Each structure stands twice: as structure tokens, then as C-alpha cells.
Amino acid sequence: MVRRSLQASLTGIQQAKRAFALKGWTQENLAGEVNLKTRQPIWRFFTGRPVERHIFLEICSVLDLNWREIADNPPAEFSDPGERAQASVLVIDALVQKVRSQRREKIQDQCGILQLLDISRPVGIDDIYIDVNILEEIPSLQLFEMSNLQNLNPEEFDRIGIGEVSQQQISGIQAVETYSKLRVLGKPGVGKTTFLQHLAIECNNGAFAANQVPIFITLRNFAEECRRNGEFSLLNYIRQEFHRSGISDPSVIETLLLAGRVLLLLDGMDEVLNQHSNAVLGEIRRFSEKYHKNRFVASCRTAAQKLRLRGFTDVEIAPFTQEQIIAFVQKWFVVFTKTNTQGGLAQSQEFIKKLDLPENWQFRQLIVTPIFLHLACWVFHGQEKFPAKRTEFYKQGLDLLLGKWDEAKGVERDEVYQGFLLPQKLKLLSQIAAVTFEQGQYFFEQRVIEQYISDYIQNLSEMTIDAEELQLKSEGALKAIEAQHGLLAERARGIFSFSYLAFQEYFTARKIVASHNLEALEQALGGLVSHITDPHWREIFLLTASMLRSADSLMQLMKQQIDALVAQDPYLQEFLSWASQKSRTAPTAPKDATVRAFYLALSRTPHVAAHFALACTLDQGMFLDAALDNLLLGSAIDHSQDFAYAYACGDALSNILGIVLDAGLQKSLQQLRDQLPNSHQNGEKFQAWWRANSSAWVEQLKMTITNYRNIHHHWQFSPEQQQVLQRYYDANQLLLDCLNSNCEVTAAIRQEIEATLLLPQKELEDREWQ
């Protein structure tokens, strides 16, 4: 039976004391490194007394000693398999702790800080990091019929990954714990690298995988190093990393790998140049299969997922939830606000408050990834508001995706569309966006989008390009737009869309504004205004108006198109004439257009708050008309038995008499009020009177209101006219929104449009003649 204890020989004691002196520790320090509660076993070790075998082995390991050289009469082997296994585990445990200690500073330096875009100083990862959520089902691998996708409304885009993600999510840590070989996919700027860095720091601090050694490798650096050495070997690369951390024994890493004690984090599979990608992927496959006991986490852009890794489970980082957005914003402003923590939290609350305003819904659509959320915080921090022109924010976001993000990370991409300068890339994307949006396509098949790209490439070339070469170029360009820039995304197999609807709208507007001459611009604007009643084009109008150097022509074209909607209907023209006449009776304050908008809304039933949006300012006369019209709502119905209505009429008339200024109307309404018996003194008498006289009384009330206030004309619109009126109203609202969108419009044009809103055709022609 092999002894359960070991003791040091005289020469072993001397060798151990020299190693101990080099460490500069006390015996208490050494006891702590070996996880002992007392230093007595350490004293026994250095005095040559017997020490439990596993403690003896751990002391030797911590002191970098070969236990066989230290022990007195060491056994040839451990005969008991259980004891051998226990001793082996203890030795590995000690080795793990030792390597973790030696590598701690390196991992902290490599992964513990972030350098955010346009921020001059680094920030600690724990100060800004927000736990990510993971989608176990990847949207781009789903199978959808194109016809089904084209029938989706923008509100339903969450089903295929454009809008809010509704599928079940798990935490990032849970995904890593569940799958020993994991590949984390995501769009550019979604936080893939930061997630891997966070894992390394958590492991480094013992909060996650405390029995493993974290190793973080940037794959583009690995590929470049291997290219210089002529050999793609992860094992040798890690040995070099260990050597830089003072671990000179080349067998240490393999010992850890064979024992399954490594957390290997491989960042940026998509950042490796094409000529090296096969070699790198092949090495990762071989390495992960040989050392399969370890935990592997790789990151890659979703568009490059075709770079398959055998045995790895693919998951995707989910967009930020509302809770994650709030948590990120709070951390961001606390870190970067120059005041104190309370000041940062106050500014973050102001950010969230303004973000939730209806006019900022486009920002909410974009800031579900860290890269855009950081950009929004940075802009808000400098201006204390969101940009009045969203186009500026979109432009900054596109600058990030089209190069600035890779430049900041030092990533060199393959130049797949050779000769394409940035303006040409923007022009290509604008062409794709405009054509697809014009056709009402939010989704397009791969072959269709490749054909658009082929046509564009052919038009750039002065020579005819071979069909096969052209196909290869278009495939490469599509891959680059998807993988490198993240502007196009594969939503289902072979079906693409813009990664954000906001970008498709922005590029469509950009195509209109970038027309090469005045004639082409007028033609493009004419095409745009033909969509003035289509709600899907609303954002295109607003973006185009804000991007034009002068929006005068667009505003005038919109006004002409709006007036033409009702120009050919005599009854609608009569309706507009009545509203115009009423506007001229308003004594003071509101603009004529505001008054016209009010009476157009008042004449439509049922009354809806949205109908009054164009007329948000009321004078006393308009308020009176609203009260009188409300009094007569439902008067076409027989109310002879409805005594609640009768009581309400009496109370309403009493209130209305208090705001009537016209003496004749005051007298007539008072006479009507006096006809009503006092309901509070004799309820039965009142009800009997109402049954006998209600119809005649209500008709007399209608005539009085019509004669004095010229309202309640019983406009009867057909269903088609109702639809035309709604489109006419919405288009006028859009025109006003464009005028108020900080677009460049001369004062004369602005005044003319505001003065002629909602006028009938005859008055418009009279003004033009004058």
C-alpha cells in the first residue's frame, strides 16, 4: 500500500526553501495559496516531517517544484486509482489557480476596458456593460414564403426580426453554461466583442467558470501572426501568450487543455480576411475537436454564419429591451456626465423622458443596439435634446456602419466591390432602397437584389462585363453590404430587407434629393407627391423636406396635389366654402386656416380628437359653436321618451347662455330655456311636457343655431367622400408637419401655404388671379 503521506528530503528542503525565498512570501501567504486554514502543514513540510500527500503535491506545484525531486523516497506510482485521480485533480486545481494568478493582469488589461467611439478616454467594462439576451432561434434560418412576407404591415415586422423581437430569450451567461461550444452571432455594433470580454473578466474575477483559465483571442490578430509564421496553430499562439505572461513551461497549456480547464474566447470570425478564413476555421475545428473537454465561445456577424463550425451551436444576440435601454442609458450618463452620480442619473431620466415622446419614435426604432444607443446618448449629452433633423443622426449612424466602426477597431476588410468609393456605395444603396420602396417591397429575394446590383455595376463600367463575372461581383457586393456594413440583412433563407426600415426610408429620400440636375429633381419630387395620400410614404416626405437645400418646390407641389384631391367634387367644394365663410366670422386671434380646420372637424361625426389636431387653438366663438354642436348631437333620433337627454339639454343651455355674446342669440336661447318646465320642482310635469313638445322644441333649437351661428347643416357625405376627406385632412397635416420639420422654406412660401390651407378651389383661383 502506497503511503498516504509524503515528506521532503534534506536536499528537497533546501531546494524548496530557495523557491520559497524567490516568491518573497511568508508561510501564511503560502498556506493561503494552497487553500490551508493554518500554516502548520507548511511548517511540517519545511522541517521534513510527514505531510498529507495531496497537500505535499499542492505545495510543490505552487512553488514550481517537481514533487518527485523534493520527496524523500517518492513512490513509483499511486496504486489506488481513486487516489491517483484525486491527486491529479488537486494538482490541476493548483495549476489552474496559479495560471489564473499569473494571467490576471493580462486579461484585465486585454478585456477590462472599452474605447467607445468619439470618446477620448477609455471606460471600465463593468461601468457600461449591460447583460445581453440571446435568441436560440436565428431569424435568418427560418423559412418563409415571399408572398407571406410582402403581406406584412410594418407593425408586424417583429415576426421576422425587423421590429421588436417576440420570441423567448435567455441570458448570455445561461447560453454559455448550456452549450460547451457556442457561436454568438449578431449585427454590427450589437455587442458581440463586449460580451466575450465580459465573460473573460467574469471568469478572471471568479464570478463565472472559476475552475477554468480564460483566454481571449482576437482572430484577425491570430490570422496575421500565423501568416507571418507560416503556421496556423492555436496551441502555439496560446503558448506565446502564456510566455508573455511569465509562463515559460510549454507543457502548461496542454495540461490545462487535456483536463478541460480552459475557457477559450474567439472573437471576430467575420473579421478574418478571405484568404485566411479557411485556414483559421480549419484550425478552430481541429483544436475544438482535439480539446473537446474545454468551453469554447466564438463571435461572428450574423451575415457570415455560413462559415460553419462543426459541433458549435449558433445563437444570436437579441436587440435591447426597454429595460436594457434604460439600464444602459443610466450607466452611460453616470460615466460621462462631468457632474456627480445624481447629475448623471437626472440626465438619463431626461433622455428616457424625451425618447418616449411621439415625435422620437424613429430614434426608438434604431437604438436597440449598443452602437446606436451610444450614439444617441452622445448626441443628447452634447445638445440636451435629440437632433431636430433625424437625417443628421441617420448620416452619423451610416458613417459608423460604412467604415468608421471597422476603422475604430482596426479591422481590414476584403475589398469586394473594387473601385467603389463611399459616394458610389451610398448611391447603390439609395438605388436599391428607392426601387424596392417604390414597389412597396420591404422584403426582396436574393436573386432580385443581386440583379439590381448587377445593373448598377454594369452602368459604372465603360466596358461590357462577362455575365458570370458580373454575377460574382454582385454576389460579393451583396455579401459585403450584409456582412461588413450590416445595412442589408437576410431575414429568412434567400430573403433580404434593410436592417432597419429607417435606413430604407432614408436612402429612398436620399435618392430623390441627389437627383443630378434641376429637371431630374423636379421629376423626382413630382413622383414623390403622387404618394401624398399613402401613409407608408409619410416618413419619406419628412426626410426629403429636411434634406433639400430649398424645400419651396416640394411644399408647393404638395399643396397643389392636396388641393386637387377635392377639386372635382362640387359638394366637397361647397363644404370647404362653408368652412371658409365661418372662419371669416371669427373675431380675433386664430389664423383663418386654423378656424377652417376646426369647422371641418366639427362637421364630421362622431367627433374624434384626432380630427381637431389641425385646429388646436380655439377662441370663444369657436368654443361656443363646439358646445352648441355637441348639444345637438343625436338630435335626429326621437328623444320624446329620453328624459335624461331632456335634463341634459336644460343644463347645457344654462351653461351656454353664460358664454353667448350676441344679444339676439342670447334672447332666443333664453326663450327656449324658459319653455322648459323646472325639472327640479315637478318631475312628472316636466316629463309630460317633454313627451308632447320635444320634437318641436328641438327643431326650434336647430333653426336658432343655424340662423345665428351657421352650423349644423347636416352635411351628408357618401362613404367615398368620407375617405376623400380623410385623405385630404391627413395630407394637409403632413404638409404642416413638413413645414414644421426645420426644412428650408422661404418666409413668403410658408406664409402663402399657411394662408391657403383648406380653401375651396374658387377662392384659390381668385387669390391667384389677384
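Before starting on a helix, I noted that its expected span is 1.5 Å times one less than its number of residues. Helices (H or I, at least four residues) and strands (E, at least two) are DSSP runs, numbered from the N terminus. I also wrote down that this is a predicted model, where local features need pLDDT of at least 70, side-chain atom pairs count only at pLDDT 80 or more, and totals for chains, interfaces and linings use all residues. Residues are numbered from 1 along each chain as its sequence is written, and side-chain values use heavy atoms, with hydrogens and water left out.

Entry one: helix α18.
I found 14 residues here, 370-383, and a reach of 20 Å from the first C-alpha to the last, close to the 20 Å expected. I then checked burial (buried is under 20% relative accessible area, exposed over 50%, partly exposed in between; 1.4 Å probe, protein chains only). Ten of the 14 residues of α18 are buried, including Phe372, His374, Cys377 and Phe380. Just after α18, I saw that Glu384 takes a positive phi of about 60°.

Entry two: a helix pair.
How do the axes of α11 and α12 cross? Axes are lines fitted to C-alpha atoms, for helices over the stretch in contact, and angles run from 0 to 180 degrees between N-to-C directions. The axes of α11 (219-229) and α12 (234-244) come within 11 Å and cross at roughly 105°, so the two helices are roughly perpendicular (65 to 115 degrees; under 35 is roughly parallel, over 145 roughly antiparallel, the rest oblique). With contact meaning heavy atoms within 4.5 Å, I listed Asn221, Phe222, Glu225 and Asn229 from α11 against Leu234, Tyr237, Gln240 and Arg244 from α12.

Strands pair if DSSP finds at least two bridges between them. I read the order of this open, mixed sheet as β6-β5-β11-β7-β10-β9-β8. β6 (169-171) and β8 (213-218) each have a single partner strand, so one side of each is left without a neighbour in the sheet. Neighbouring strands are turned by 30° against each other on average, direction ignored. β7 (181-186) and β11 (313-317) run parallel and share four bridges; Leu185 stands opposite Glu316 in β11. Helix α10 (192-204) lies across β7, β8, β9, β10 and β11, at about 160° to β9.

Two bridges join β12 to β14 (495-498), and Phe444 has Phe496 of β14 as its bridge partner.
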